[in-house]
Amino acid sequence: MTQETTLVPDLTVAENILLGPRKVRRWSGIDWKATRRRALEIWELLGAEYSVDDQVSDLPPDQQQLVEIARAISMNARLLLLDEPTSSLTETEVESLFELVRSLKARGLTTIFVSHRMNELFALADRITILRDGRTVEAGEIADYDAERIIERMVGGVPTTAAAGDVSVVEAAAPVLRVRNLSVPGHVRDASLVVGAGQSIGLAGLTGSGRAELLDAIFGVRRADGGSVEIGGAELRPGQISASIAQGLAYVPGDRKNAGLVLDMTVTENLMMASTSGSVRLRTPGRVRERAAARAVAREFGIVAASPDVPCSTLSGGNQQKVVLAKWMRSSPRILLLDEPTRGVDIGAKREIYRLLTEARAQGIGILVSSSETEELLALCDHILVMFRGEIVASLDTATATEADLAHYSMGGR
Amino acid sequence: MTGATDAQAAAEPSTSRGAQLRNWSASNQFVGVLGLLVCLFVAFSFAEPRFFTAANIRVLLTGVAILWMISLGLTVVMLTGGFDLSLGSMLGLSGFVFVGFYVKLGMPALLALVLTVIVGAILGGAINGFLIGKVGLPFLVVTIGTLSLFQGITYLVSNGQTTSLTSSLLDSIGFETKLGVPITVWIMLGALIVLLFVLRRTYFGRDVYATGGNPRAARLAGVNVTRTLIAAYAIAGGLVALAGVLQDAFISAASPVGGGTIIFDATAAVLLGGTVLGGGVGGVGGTIVGVLFLGVLQNGLSLAGIASAWQQVISGVIVILAVLSQQLQRRRRRS
């Protein structure tokens, strides 16, 4: 079982459970009655609330996980591999999944459970194997370990628990972005933060911890459930993106190809897109002026392109990312939100992007950057907020924090 | 770092004429079809003495007027990544909308024409555009619905009868010339030039390409994707309404059996012209090449005395071959 479900959402639970090994009658194809009966046996064994005739897409995430487990059992599995199955589940859903795994264990099923979350390891495991950089570091009885020791082995350092997680909002001298109690159902709970002028705040956390969703909600592309976002004291109205841009909000999304650029459009057109999104639509862009501006931007940002008129699809990943960054810098932002700003980018471009971000800070632009690379956050930020299961659980000062600290709080350490 | 210098070295010759031309042909997918069009034109000119005459060229151009307008509208919609199946039945309905304003309400012909275009734009924008852009329904479902809706309304208001009408304005639109060029053709050129300008030289035009190219990135960059989609379907509706009035002018009547299968010819023209299903790439210039290609093919084959069933067979095969060669070109360029 992998992190993402591998179910067919439009089929029923029974059909999904016996997707592969169907009951086949000799002459007339699939024996649906026998299929349903067999699925029902397994399904009842798992103590599920839903009927086998329900469509999978109608089930909540934890029940969908159950369908996957049921499928594994239907194949008479003796070994169950669970790869971070809890990343999309709520607290109670995790508990019911664990309940199930324990009962399967009692019936002789072996489980290998992959997780980053300390409490889950202790709740479920008998033995633990710790991996770092693809090598086994250590293995032993879970009883011989505590969270500190596991994290230490994983990252190769000791968390300085002195840098304790005081999650109260750190005030900034000149706040440009203020987020109050922002929640995104299923992803972010009650997030509050402040970014000051020229300040750089990092967001750390595992995949699925709600970092990207928090940025989406601040920018207004994801519906937030309560809470407020203020830029320079003025509250943003969610969903009005060109208005947010005009107020000085900029967002470099994590998924460059699907959200950052229109790849078939030219470098110039992409560069101008955000800064002209508030212009009267039937006005004519000044072509000569735009191309001159694009050339200047390309020089300033070190963008390598055959000409400003080639489609962005012809650029390398690093240059594409610089185009995204340059596009937003043209909109004269007061606050720059970045999600994984150097994902899939070569070392040279990475350094260039760090330099550009440092320059942006010098101009008084506030930066909120989410990243899965610890060194990146430590290098770029003044403060790092660590998210765990949708909540900001720690606020660390970069001057004293270490990689081990970040790992500790990211994995649910206290 | 060597990558950078390589790319810079490659950047130098791009300022030369030859490279500019290559760039232009790479970004204009219709170049291959344009070549085919020229070949076809020359071939017919030699093979058929009646082909390359002023009178025949006039017939050819006015003959594709309706297809021209519909294809232009469809191009705008397809550039946003959508499709509009209802344009054919919108054509028939618009013919009767004009009759309503001109005959039933007794308005001056010019006012009736303008109002018909506005009604077309409103129907396209407020029904198709709203449901697709704002509500977020799939474009095929919505326009299959409006295809049937517009057709039904057309039969209701016409009782299935053709209504004949006489108007000096329509007569001059349909049959007179200015500076030796039919007024119909002036209207066609006008629509083309306005669209070329709007799509290539305005922020709205960029919105259209961005919406088709990557709606998510466009939205994140502040582009109002909803408004762009509504406007695109409205433009298509307005152009087709104008085509409906042209149709009235050509036959001096409004006929409820107008639309028919013209949407398929328009689709062929748009695809031949290099606008892709899925949007973001292409343009109205290419579409016109596609329209003329279909027009020349049909006109030339008719003059050569080939039976209409065979004409259809030959057109079908050539359209498939042309689109195929385009695909192959594109694939080669990618690799």
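1. The contact between the two chains, in what is a predicted model, involves 28 residues of chain B and 31 residues of chain A, two residues being in contact if their C-beta atoms, placed from the backbone, lie within 7 Å. On the chain B side, the elements that give two or more residues are helix 1 (2-11), helix 11 (203-213) and helix 12 (215-220), and the largest share, 7 residues, comes from helix 11 of chain B. Helices (H or I, at least four residues) and strands (E, at least two) are DSSP runs, numbered from the N terminus. The residues on this side of chain B divide into 15 nonpolar, 8 polar and 5 charged, where Ala, Val, Leu, Ile, Met, Phe, Trp, Tyr, Cys and Pro count as nonpolar, Asp, Glu, Lys and Arg as charged, and the others, Gly among them, as polar.

2. On conventions, residues are numbered from 1 along each chain as its sequence is written, while chains are lettered from A and ligands numbered from 1 in the order in which they are written. Local features need pLDDT of at least 70 and side-chain atom pairs count only at pLDDT 80 or more, whereas totals for chains, interfaces and linings use all residues.

3. As to confidence, the model scores ipTM 0.81 and pTM 0.83. The mean pLDDT (the predictor's confidence in each residue, from 0 to 100) of chain B is 86, with 89% of its residues reaching 70 or more. Within chain B, confidence is lowest in helix 1, at a mean of 39, and highest in helix 5 (residues 65-79), at 95.

4. In chain A, 6 strands form an open sheet of mixed pairing in the order 10-11-12-7-13-14, two strands being paired if DSSP finds at least two bridges between them. Strand 10 (249-252) and strand 14 of chain A stand at the edges, each with a single partner strand, so one side of each is left without a neighbour in the sheet. The twist averages 20° from one strand to the next, with axes fitted as lines to C-alpha atoms, for helices over the stretch in contact, and angles running from 0 to 180 degrees between N-to-C directions.

5. Strand 13 (residues 383-388) and strand 14 (residues 391-397) of chain A run antiparallel and are joined by 6 bridges, with A:D397 as the bridge partner of A:H383. These two strands of chain A form a hairpin with 2 residues between them, and A:R389 in the turn has a positive phi of about 50°. By contrast, strand 11 (residues 335-339) and strand 12 (residues 366-370) of chain A run parallel, joined by 5 bridges, and A:L336 has A:I367 as its bridge partner.

6. In chain B, which has 16 helices and 4 strands, the axes of helix 5 and helix 15 (residues 284-303) come within 10 Å and cross at roughly 145°. B:L67, B:W68, B:S71, B:L72 and B:T75 in helix 5 meet B:V284, B:T287, B:G290, B:V291 and B:L294 in helix 15, and the residues of this contact divide into 6 nonpolar, 4 polar and no charged.
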